[in-house]
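Here is a short briefing on a complex of two chains. Look at the sequence and the structure first, then read on.

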Amino acid sequence: MNKRRAYRSFVSYIDRSREYYAAQGYSQPYTWAHHDNAPFTPLKKPLSECRVGLVTTAGKMDAEAERQGRRKTKELYAMAANPAPTRLFTVDLFWDKAATHTDDVDSFLPLNRLNEYAAGGRVGSVSPRFYGAPTEYSQGKTSLRDAPKILEWCREDGVEAMLLSAL
Amino acid sequence: MPTVVLGSARDVVEECGVARFVFTDFPLGNPCGKPWDADMQRSIVGSALDLLERAWMARVTVQTPFRWGNDAWRDAFMRVDDSNREALAREGEERRRLQADAKKGGLS
């Protein structure tokens, strides 16, 4: 159906969160990552011959964190992908808790779907581990501390292409 | 390393600038498809795999065809209006007070 609108229909989280935190009295808005150039690496061989890995911003389940509703420290981790976890820790992340839920891990970390593609031959194989990157306020921690470590794990696991799923 | 991002915060990802981006216009939380909808999840992951193979340059965004079902979440998320402005200001004050107390107590 054709519709006409005087505004964009998708939500701007940059605008929305700035106004929300300003209403809470935070005068310094968060400054989001912005790069004039984005890196691009083409696949070197067909995907049906590649090992594919997955990165999530969700955390490992832990009884203490579950009780507290938050993690003491948000840590970078690599975890066995088979069997796929049935729950991950997401309560302390920024997502729409009024509109949806994260009870189905495949809705944000689609390991089972990726395994199905591997079984069907669409991708060569799935990495034996998936990787968890904490959502950090500090962009420096993400790019200088976390990203190189994830790349190192990927190389250990023979990963040749990555799906990065952001909650 | 060839990468593709799956997400629902279009402005955040595009401002950052990534190699490939599969955008699904859903409330934040399920960037790979609705919970328990394996067909939709398979389709979205399939779009990501297609993009890994077919993108020819950086910053290619593909939007998947799925709709959440209603649009109420768009205005409701982090809404600021006259009905909650005072409550938000109080929440902010309270959080800063707790943080200041934690600092004084040597906690962080």
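How far apart do the C-alpha centres of domain 1 of chain B and domain 2 of chain B lie? They lie 34 Å apart. This is a predicted model: local features need pLDDT of at least 70, side-chain atom pairs count only at pLDDT 80 or more, and totals for chains, interfaces and linings use all residues. Residues are numbered from 1 along each chain as its sequence is written, while chains are lettered from A and ligands numbered from 1 in the order in which they are written.

**Confidence**
- The mean pLDDT of chain B is 94, where pLDDT is the predictor's confidence in each residue, from 0 to 100.
- In chain B, 97% of the residues reach 70 or more.
- For the complex, the predictor gives an ipTM of 0.94 and a pTM of 0.93.
- Where pLDDT is low, predicted coordinates should not be read in detail.

**Chain A**
- Chain A has 4 helices and 5 strands; helices (H or I, at least four residues) and strands (E, at least two) are DSSP runs, numbered from the N terminus.
- Their order along the sequence is α-β-α-β-α-β-β-α-β.
- The C-alpha trace of chain A spans about 50 × 50 × 35 Å along its principal axes.
- Chain A has 167 residues, and 30% of them count as buried.
- A residue is buried if 20 or more other C-beta atoms lie within 10 Å of its own, exposed if 12 or fewer, and partly exposed in between, with C-beta atoms placed from the backbone.

**Chain B**
- Domain 1 of chain B covers 5-70 and domain 2 covers 78-108; such bounds come from an automatic or database domain assignment.
- Gly69(B) sits in the loop between β3 (60-63) and α3 of chain B.
- Gly69(B) counts as exposed because it has 9 C-beta neighbours inside 10 Å.
- Gly69(B) and Phe26(B) are 43 residues apart in sequence, yet 9.4 Å apart in space, C-alpha to C-alpha.

**Where the chains meet**
- Chain B gives 49 residues to the contact and chain A gives 54; two residues are in contact if their C-beta atoms, placed from the backbone, lie within 7 Å.
- On the side of chain B that touches chain A, the largest share, 7 residues, comes from α2(B).
- Strand β5 (residues 161-165) of chain A and β1(B) run parallel, joined by 4 bridges; two strands pair if DSSP finds at least two bridges between them.
- Within this pairing, Met162(A) stands opposite Thr3(B) in β1(B).
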